[in-house]
Amino acid sequence: MKICIFGAGAIGGYLAVELALAGNDVCAIARGSHLEAIRKNGLTLLIDGKEKNVKIPASDNPADFGPQDYVICALKAHQSHESAAQFAPLLGPDTAMVTAMNGIPWWYFYKEGGPFEGRHLESVDAGARQWNLIGPERAIGCVVDPACEVIAPGVIEHHEFNRFILGEPDGTESERVKKLSDAMKQANFDAPIRNAIRWNVWLKLWGNVCFNPISALTHATLDQITSGALREVCKKAIYEAKAVTEALNIFIPEEMIERRLNVAGKAVGHKMSMLQDLERNRSMEIDALVTAVQELGRLTGTPTPTIDILLALVQTRGQIAGLY
């Protein structure tokens with residue numbers, strides 16, 4: 001199976017190593033010192049006290065590789081939008097695009113079946129760039145659970161979890177998603193297929209819509225964000241996100257709110273990705289995690305006052321830092 005990992009950073013690197021070791025024909029798109037290290041020494045994964053290393057073709061130019069069976073996009077949402085035209089050399093007639101990214105995906109309203117069917121979201125796909133250049137018919141949804149980190153160029157450290165939840169936008173269990181799930185299971189991943197992938201997207205987003213902006217604004221860790229006064233701010237934002245979710249005809253039990261907060265609170269000392277980006281002077285992923293929820297709220301006539309405030313504050317913080 002030919003698989004290109006587009007964005008072989010923390011999550012992409014983890015996928016690349018395990019999929020290659022399982023016998024797949026894997027190539028990687030990376031850049032800078034990380035790319036140089038992969039070319040020189042291969043890609044190294046530190047996991048469960050072991051060190052795994054693979055030598056795979058890597059480039060910053062997708063034209064170096066031909067059409068793939070699957071392209072797994074592990075970029076951040078705004079980077080995927082910026083890179084939309086670069087995917088072309090990798091896309092054959094039947095190539096699937098696996099969106100292993102956080103937040104609302106750019107293909108959200110493709111075969112969604114509701115009143116907004118076929119609509120693109122400006123917050124995550126301005127000008128329908130990905131919709132037109134990649135095509136939503138290629139998309140396979142993917143909700144990413146693992147926590148990984150690039151600890152040195154060419155070196156990925158896995159911290160916890162191995163689950164990648166997969167799902168077709170139309171809810172079917174297609175042959176292509178079954179083949180992908182099987183390949184990922186053979187590579188030591190938990191890769192269940194869900195017939196309502198947007199449900200899983202929203203459940204994860206309920207946390208990200210508040211945890212991430214609060215972290216960037218306060219520099220608080222996840223256990224601090226989910227306790228005391230900040231926990232109440234989180235609950236207000238999550239209830240607003242829940243209302244948006246229900247306006248889109250997706251229903252997640254209310255008890256999942258407390259569960260989501262309690263599980264997150266166990267990650268003592270964990271810094272959210274938005275705070276990590278701020279501290280490391282990297283572009284901040286705000287739109288897919290927060291702006292998209294506001295856009296969907298306005299689209300469905302659902303008020304999001306707490307989310308609106310968090311968004312205005314974190315956008316300004318990002319702009320002042322030159323990272324948004």
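How many bridges join β9 and strand β10, and do they run in the parallel or the antiparallel sense? Five bridges join β9 to β10 (residues 155–160), in the antiparallel sense. Here are my notes on the rest.

1. **Before you start.** This is a predicted model, so keep in mind that local features need pLDDT of at least 70, that side-chain atom pairs count only at pLDDT 80 or more, and that totals for chains, interfaces and linings use all residues. Residues are numbered from 1 along each chain as its sequence is written, and side-chain values use heavy atoms, with hydrogens and water left out.

2. **Reading the labels.** Helices (H or I, at least four residues) and strands (E, at least two) are DSSP runs, numbered from the N terminus. Two strands pair if DSSP finds at least two bridges between them.

3. **The mixed sheet.** Have a look at the open sheet of four strands, ordered β4-β3-β10-β9, with mixed pairing. The edges belong to β4 (50–54) and β9 (147–152); each has a single partner strand, so one side of each is left without a neighbour in the sheet. On average, neighbouring strands here are turned by 25° against each other, direction ignored. For angles like this, axes are lines fitted to C-alpha atoms (for helices, over the stretch in contact), and the angles run from 0 to 180 degrees between N-to-C directions.

4. Contact here means heavy atoms within 4.5 Å.

5. **The parallel pairings.** Now follow the strands β1, β2, β5, β6 and β7. β1 (residues 2–6) runs parallel to β6, with four bridges between them, and Ile 3 has Tyr 70 as its bridge partner in β6. β1 also pairs with β2 in the parallel sense, over five bridges; there Ile 5 stands opposite Ala 28. From β1 the chain crosses through α1 to β2, a right-handed β-α-β crossover. "Right-handed" means that, with the strands pointing away from the viewer, the path from the first strand over the helix to the second runs clockwise.

6. **Further along.** β2 pairs in the parallel sense with strand β5 (residues 58–59) over two bridges, and Ile 29 has Ser 59 as its partner in β5. β6 and strand β7 (residues 91–100) pair in the parallel sense over five bridges, with Cys 73 partnered by Thr 99 in β7. β6, helix α3 (residues 77–82) and β7 make a right-handed β-α-β unit.

7. **What is covered up?** Buried means under 20% relative accessible area, exposed over 50%, and partly exposed in between (1.4 Å probe, protein chains only). In β2 (residues 25–29), four of the five residues are buried, so this strand is largely enclosed by the rest of the structure. β6 (residues 68–73) is mostly covered too, with five of its six residues buried.

8. **Helix α6.** This one covers residues 197–218, which is 22 residues, and reaches 32 Å from its first C-alpha to its last. That is close to the 32 Å expected at 1.5 Å a residue (the expected span is 1.5 Å times one less than the number of residues). Even so, there is a kink of about 30° centred on Leu 205, where the bend is the angle between axes fitted to the seven residues ending there and the seven starting there. In α6, 18 of the 22 residues are buried. One of the residues in α6 is Asn 208, which is buried at 7% relative accessible area. Not counting residues up to four places away in sequence, Asn 208 touches Asn 102, Pro 213, Arg 260, Met 272 and Leu 289.

9. Most residues other than glycine have a negative phi. His 219, which follows α6, has a positive phi near 65° and is partly exposed at 42%. Asn 281 has a positive phi of about 60°; this residue sits in the loop between α10 (273–279) and α11 (287–300) and counts as exposed at 57%.
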